[in-house]
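Please open the model beside this note. Read each point with the chain in view.

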Amino acid sequence: MGFKDKAWIFCLIGAIVVIIGYFTPYVSFMGLMQLWLFGFMMTPYGGYMIPWTGDFLTLAMLGVIIVIIAGLALIFSILMKVKEDSKVMKILAIIFGAVILILVILPPLLVSGYMALIINFANAAIGFYLILIGGIVLILFGILGLALK
């Protein structure tokens with residue numbers, strides 16, 4: 001029993017961290033406004049759901065794709081436990097982690113106008129970082145699971 005057999009635990013943790021990151025604020029603008037990937041916005045005047053149009057639609061679609069991929073990573077990390085020496089599962093964890101990393105970095109690059117002021121890397125909140133860390137954990141321990149004996 002080496003690290004190679006325990007890589008599934010870290011991939012499971014990475015997927016769970018991504019899912020938790022989805023349900024925490026993605027952006028915090030000057031501490032006054034927080035925005036979640038699923039379209040909820042909290043301001044000093046209260047919270048409300050944003051209609052999925054324009055840049056908010058792009059943000060919401062990327063968020064849905066991220067949570068679906070994290071769910072698949074969760075399922076495949078559990079399957080890694082069942083099939084203890086499966087290289088395919090570890091390669092899939094690396095692919096899922098890479099896709100999650102790309103999708104979490106895309107929103108600040110895709111938005112325009114007023115949304116560009118709110119959604120940028122300087123205003124990233126804990127949800128952004130949790131999803132980023134979860135994707136990195138998936139990639140890192142997928143690679144380590146393949147490399148170490």
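1. Ground rules. This is a predicted model, in which local features need pLDDT of at least 70 and side-chain atom pairs count only at pLDDT 80 or more, while totals for chains, interfaces and linings use all residues. Residues are numbered from 1 along each chain as its sequence is written, and side-chain values use heavy atoms, with hydrogens and water left out.

2. Strand S2 covers residues 33-35 and pairs with S3 in the antiparallel sense, over two bridges. Strands are DSSP runs of E, at least two residues long, numbered from the N terminus. Two strands pair if DSSP finds at least two bridges between them. Leucine 35 has methionine 41 in S3 as its bridge partner. Four residues lie between S2 and S3 in this hairpin. Look at glycine 39 in the turn: its phi is positive, about 100 degrees.

3. Two residues join S3 to S4 in a hairpin. Phenylalanine 40 stands opposite methionine 49 in S4.

4. Two faces of S3. In a regular strand the side chains alternate between the two faces of the sheet. Buried means under 20% relative accessible area, exposed over 50%, and partly exposed in between (1.4 Å probe, protein chains only).

5. Threonine 43. This residue sits in S3, which spans residues 40-43. Why does threonine 43 count as buried? Its relative accessibility is 15%, and the cut-off for buried is under 20%. Beyond its neighbours within four places in sequence, threonine 43 is in contact (heavy atoms within 4.5 Å) with Leu32, Met33 and Tyr48.

6. Valine 67. Now move to helix H2, residues 54-82, where valine 67 lies. A helix here is a DSSP run of H or I, at least four residues long. Valine 67 is partly exposed, at 22% relative accessible area. Not counting residues up to four places away in sequence, valine 67 touches Ile19 and Tyr22. Isoleucine 100 is 33 residues from valine 67 along the chain, and their C-alpha atoms are separated by 8.9 Å.

7. Leucine 79. Helix H2 also holds leucine 79. Is leucine 79 buried or partly exposed? Leucine 79 is partly exposed, with a relative accessible area of 35%.
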